[in-house]
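Here are my notes on the pocket and the cavities. Please read them beside the model.

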Amino acid sequence: MRNLSLYPRLARQSIRNNGRFYFPYIMALLGDVAALYIMSALVRDPGVKNMTPGRPNGYMYVSVFMNIGMFIAFVFSAIFVCYINGFLMKQRKKELGLYNILGMGKGHIALVLAIETVYIGVLGIGGGIATGLVLHKLVSLFLHQMLGMPVPLGFYVSWDGMGWTVLVFAALLGFTLLLNLNKLRVSRPIELLRGGNVGEREPRTRWLLALAGVVTLGGGYYTALTTQTGVDALVMYFVAVFLVIVGTYCLFTAVSIALLKVLRKNKRFYYQTGHFISVSGMLYRMKQNAVGLANICILCTMVMVMLSGTLSLYLGTKQAIDEQYPGDINIAVDYFPQSLPKSMEEYWSPYRPEAMLALQTDFVESQGVSVTSSRTWLKFGFGAGLLADGTYTTSRFAEGTVGAIVTITCITEARYTAVTGETLNLDPGEVAAYGVSADELTIRWVIPEEDREIGQSTYPITKHLKDNPDFSPNITQMVTVVVRDEEALNALWAKQREAYGLEASSMVWNACLDVDCGEETLLEVQERYWDAVEDDGFYDGTGYWTRSRWELRSDGAANAYGLAGGFLFLGIFLGFIFILATVLMIYYKQISEGYEDKDRFEIMQKVGLSRGEVKRSIHSQILMVFFLPIVVASVHIVFDFNMVEKLLTLFYIHNTALTALCTLGTVLVFFAAYGVVYLLTARTYYKIVER
């Protein structure tokens, strides 16, 4: 019994004696477990499924975002736990070697490590579950507020989520234990005793790896800068991220070493006390710390991109809703101003927008709701190919086109003025344009099937628009043309109809109605409207049209805020986990370097350097290494900005200034937080070194 009680006691004593290593690790494990349980509980919470009527997508948003979050959190937790476990084992090599020298066999040491893992699991996993139970309701309140949905009542405990979370992290800790036992099996006692004192050789300059880093990083930057549409950004984003990640690792492992060696060859720079110590120390240290610095850099980039992007999406949603749903009720009708094809002329009759507006207004008012104002406008769009000479062709896939298909959207000056408040005073034949750099807009009307050009139209551009007045998602490369009036718009439509024939785009009549009732009443009116249109005679007298859409601003706002709020919540939640990991990586890095520099600190004083000189040189070295990852991360953010901006256009966010302010604010706040972390961890470093 005495022998059996020895191993648990050794395990407890080992954790207690190495508290500065194990306490942050256990706290990080606790936070990861709590986060994963909360997300799994939110998915399974029956209260979340019972959203208010008219909000059927509420549970879908919660479920999708939490499942995405759980996957990312688990993958990241696995990488993070393995990383910290490797550091802990490195610091404990002497201790384990001493156990072996004093007579404990590897089987006994393995038993101690297994018991330590059990203790860590009980504290980390058990504490995480308890923390998750306490915080679940608070996080649920925060999430539902962001989604604009009611908070489910009652306190819910997800036993399935709890069991799944415990099982996942128990398996993860079991995996790290197997890694540790394997290291113990193949090691010798003398290697363990000397593990912390093995000197580093001067790293070799890997020119091929450095070149690969420059190429991959440059490729990632080029991809980000040259992305022109939201779909391109969606397709190429992960390619750019992969290239930047590979380039970042190469940058820290090879390019940094090459740069330090170049600085060492500069005698005027190198043979100064501060520079000599800093450069030589960083050179020998970079080999073992390159991966850690690259990890910190990538984590910083991920946090800043997630927070700035999701914050831009959330704050820009109101403007997007105002642009996309200008009225309480928004109606869109697709129709053809001419018969298509001509053989159907006997069935075709002109669309009557005045009759449609009167029909919609009369129906709403028949439900006891007053229409306070109404607005209508026309627009249409068609696809085209951009030729090398800057002209556009309706033969979208013709030989000689460059780039992706271009969507040309046409609106009237009256619509442009209503949106922007600016008057253009266009003369007949003149246009204003967005997305065109030339002084003239030339469209070649080509029949695609025959590859036969039937004419050209050239319009002088009196004003190049900086912002797109159409507010469409940037799925393709966008060109918006503002013409003088509806007569010019119909003439332009007729030209594309002649070129495209049966594939011609329809004209779209839009109307928005403002009413004086609340959301619940408007939802009831909408239900009655869907019942009324089932009558085949409901639209009699409105002419020939092909499709009609009836949308409430409140529905659009609920869906938009549900999507944006879910992204922001996920960004904050995962950002918290990544920040926690970043802080701990920095903390362990400072401790590791503190123990390594302790002996160097004493040796440098023995060879004649004053304590102040040594301290200043070490401080300079740490400062350079510490802030190198966040500086590189900030450069990544600058190059990533264009791609994030294009991704946001898929959610109707076109506010570049807002995105820039959110990005700048996120970077500044993160820099300030990073500085605080530096001050706190640097104190730990100096305490170790000055002992």
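1. Six helices each give at least two residues to the lining of the largest pocket: H4 (58-91), H9 (207-226), H10 (230-265), H12 (273-324), H17 (553-606) and H18 (611-649). Helices here are DSSP runs of H or I, at least four residues, numbered from the N terminus. H12 supplies the largest share, 10 residues.

2. A basis for the numbers. This is a predicted model, where local features need pLDDT of at least 70 and side-chain atom pairs count only at pLDDT 80 or more, while totals for chains, interfaces and linings use all residues. Residues are numbered from 1 along each chain as its sequence is written, and side-chain values use heavy atoms, without hydrogens and water.

3. The largest pocket holds about 1700 Å³ of space. On a 1 Å grid over the protein atoms alone, a pocket is an open set of points with protein on both sides within 12 Å along at least five of seven lines; a cavity is a set where a 1.4 Å probe fits but cannot get out; lining residues have an atom within 4 Å of a point. Points are joined across faces, edges and corners, and volume is the space filled by probe spheres set on them.

4. The pocket lining counts 45 residues, with Tyr237, Phe238, Val241, Met302 and Met306 nearest the centre. By class, 36 are nonpolar, 8 polar and 1 charged.

5. There are 4 cavities of 30 Å³ or more. The largest cavity has about 150 Å³. Its lining has 14 residues; Tyr22, Asn85, Thr117, Ile120 and Asn180 lie nearest its centre. H2 (19-44), H4, H6 (106-147) and H7 (159-186) each give two or more of the lining residues.

Technical notes:
Nonpolar A, V, L, I, M, F, W, Y, C, P; charged D, E, K, R; others polar.
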